[in-house]
Amino acid sequence: MRMKTRSRAGNEAAFNFQDALPLGFRFLRRSYYVEGAVRAITPLLLPYGGGFLFGAPWKKALPCLCLSGHFFPTHNSLFSVVSRNPRSKTTSFPGSMYLAFRGDSAKILPVQMPICSCEETINEFESLTRDAGRVQRDTLKKILELNAGAEYLKHFGLGGRTDVESYKSCIPLCVHSDLEPYIQRIVDGDRSPVLTGKPITSLSLSSGTTQGKPKFLPFNDELLETTLQTFRTSYAFRNREYPIGKGKALQFIYGSKQVVTKGGILATTATTNLYRSQRYKEGMKGIQSQCCSPDEVILGPDFHQALYCHLLCGLICSDEVHHVFSTFAHSLVHAFQTFEEVWEDICADIRDGVLSKRITVPSIREAVSKMLKPNPELADSIYKKCMGLSNWYGVIPALWPNAKYVYGIMTGSMEPYLKKLRHYAGHLPLISADYGASEGWVGANIDPTMPPEQVTYAVLPHTGYFEFIPLEKPNGEETENSASIHYIESEPVGLTEVEVDKIYEVVITTVAGLYRYRLGDIVKITGFHNSTPELQFICRRSLVLSINIDKNTEKDLQLAVEEAAKLLEGEKVEIVDFTSYVEKSSDPGRYVIFWELSSDASNDILSSCANCLDLAFVDAGYMGSRKIKTIGPLELRILKKGTFKEILDHFLSLGGAVSQFKAPRFVNSSNIKVLEILSRNTTNSYFSTAYGI
Ligand code: AMP
């Protein structure tokens with residue numbers, strides 16, 4: 001049955017309910033008004049939630065309903081329906097997708113509706129989190145139903161069961177290396193249901209900067225939807241505090257090379273997988289996060305040229321920009337550091353309407369040249385504003401006067417960049433973006449007024465199935481200020497069973513074929529929002545610094561560096577970036593900390609910094625080993641300016657994307673190239689005398 005649809009403005013459009021049945025469903029791209037009799041409407045059961053929001057009672061009520069209402073696509077691809085029954089009682093069922101049965105007669109008339117209603121999104125979130133336990137069970141059921149045919153699940157004898165108990169007793173916890181043989185088959189082109197019911201046709205490459213080698217992860221449309229759901233939720237809360245009108249976002253986003261594996265599967269970073277998707281772009285428009293730069297810049301092959309053009313395009317539409325974004329805080333800081341170097345060239349481009357010769361990639365040149373018209377007034381105003389700044393303080397609000405906030409992941413290993421970012425952001429609030437990984441999303445920041453250092457993430461119970469491995473500090477190892485603990489693990493608990501103030505490792509089950517997958521992140525539960533936990537990101541689980549019985553994590557290293565950095569304040573010197581290494585070639589082994597500094601510091605101060613770092617590792621194993629000299633004096637090595645840019649370039653040359661770059665806080669001895677960069681750029685070295693010589 002094909003139905004004519006007509007917009008209120010009189011435009012004809014057609015939508016065929018039959019096409020909509022179930023696999024042939026296509027997403028409506030506009031808002032629709034539904035008029036007429038629909039025999040039955042049923043929620044399309046999606047693996048990620050909406051459909052089972054309201055459950056059976058509503059389904060039963062509908063067959064006799066004469067429906068007159070409107071569908072409007074929200075940007076999580078689910079459809080909101082406002083239905084009116086014959087007695088004209090209006091009820092809203094937000095965030096759900098509906099499917100009419102074959103043979104129904106209804107007119108669907110496009111109408112102008114807002115794409116995203118923040119209040120609806122918040123209501124939906126409230127409703128989901130009020131019943132997080134049930135939503136989790138339903139979500140697991142959906143994931144397992146959808147993937148019942150997957151070889152992985154069959155191998156462990158799940159036998160089509162979908163309940164939590166059977167799942168936990170059959171399927172073991174796993175890490176990436178356990179899945180590698182399965183993922184490798186997908187990489188090699190195996191189209192059978194290996195991990196998911198529907199074959200995986202795209203792969204994401206996670207950053208994997210510590211091992212110096214990216215790893216493949218499955219990516220599919222369903223995972224994309226959970227990403228949009230997460231972004232939409234935090235946007236709704238953000239927009240309530242910092243409303244933004246129509247406009248654009250100055251985004252520092254970079255695609256990376258897309259490789260087709262020998263089995264014909266597209267593999268690229270998760271960021272690129274998102275940005276090359278039309279569906280994602282539409283979703284981002286819906287939450288007012290459209291990028292100023294054209295796709296050719298985002299997906300361009302050269303990061304340096306893309307960054308220049310992001311800045312240029314952002315300035316061309318400076319009045320329209322209402323927020324500034326990058327996935328991680330590092331890229332934001334990097335972007336404005338680069339701006340300090342190239343701003344005059346950008347002004348010249350805007351003045352003359354001619355793109356700098358440094359942009360050589362034809363696709364980027366063509367796309368950006370189209371946007372560029374001679375605009376001496378704008379160039380003069382940028383020039384004047386830049387000249388008026390003191391050491392670039394507040395450059396963001398000065399050049400983008402309508403920007404309301406700066407947005408990006410700022411917690412965990414991004415905290416060291418906050419100071420610099422605050423400097424560039426001036427009075428603008430810094431809002432930390434959500435918590436997730438290439439594997440899947442975990443939580444959304446629903447309290448955007450929190451300073452990034454205190455941000456917590458509320459777990460979205462319909463985006464995956466979550467478990468938490470309780471981690472306990474062994475007796476005698478409780479050092480207040482340290483995460484340096486060899487944890488004792490207990491049996492994983494469910495989302496609603498976690499306890500406040502306790503720490504856990506996150507385990508996820510996703511719509512893209514990861515089952516009971518240990519994410520390797522440590523989180524602390526800080527409270528609950530309704531019945532879903534709010535968690536604070538603590539650090540990556542993996543130990544970074546360990547020689548014998550000592551155990552120090554990324555967080556311990558960060559705390560030690562922060563402590564020592566205080567000594568530099570008197571000389572107005574800042575740490576641009578840092579990393580570490582364990583030198584085991586000499587006996588005893590020792591910790592080596594590398595610093596890139598904003599300017600030179602005196603030898604005296606740097607010697608004191610080495611001592612301070614050594615004393616700041618308060619892990620009992622480390623202190624004990626230092627005292628009895630089974631670990632040698634800590635060494636602080638100072639690097640030439642630009643060393644971390646060289647490391648970034650190396651990461652890019654391996655196919656990584658800047659948007660995913662996290663400076664390696666620890667360099668493994670197998671990461672020969674990065675070690676070579678560090679050793680070539682070392683200018684000075686200072687040994688600690690803190691425990692005697
Ligand atoms: P990737 O898969 O390369 O994007 O990296 C994902 C990892 O980045 C996660 O496992 C976390 O360790 C870290 N990460 C992601 N989001 C956050 C966040 N909001 N705060 C702190 N760390 C995060």
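**Cysteines and a buried strand**

A search of the whole structure finds 0 disulfides. A disulfide here is a pair of cysteine sulfur atoms within 2.5 Å. Take C313. This residue is in no disulfide. Its nearest cysteine sulfur belongs to C309, 5.8 Å away. C347 is in no disulfide either. For C347, the nearest cysteine sulfur is that of C386, 5.8 Å away.

This is a predicted model, where local features need pLDDT of at least 70, side-chain atom pairs count only at pLDDT 80 or more, and totals for chains, interfaces and linings use all residues. Residues are numbered from 1 along each chain as its sequence is written, and side-chain values use heavy atoms, with hydrogens and water left out.

Are these cysteines buried or exposed? Buried means under 20% relative accessible area, exposed means over 50%, and partly exposed lies in between (1.4 Å probe, protein chains only). C313 has 0% relative accessibility, so it counts as buried. C347 has 2%, so it counts as buried too.

Now turn to strand β15, residues 321–328. Strands (E, at least two residues) and helices (H or I, at least four) are DSSP runs, numbered from the N terminus. Why is β15 largely enclosed by the rest of the structure? Because 8 of its 8 residues are buried.

Which strands pair with β15? Two strands pair if DSSP finds at least two bridges between them. Strand β12, residues 248–251, pairs with β15 in the parallel sense over 4 bridges. There, K248 has V321 of β15 as its bridge partner. Strand β16, residues 405–409, also runs parallel to β15, joined by 4 bridges. H323 has Y405 of β16 as its bridge partner.
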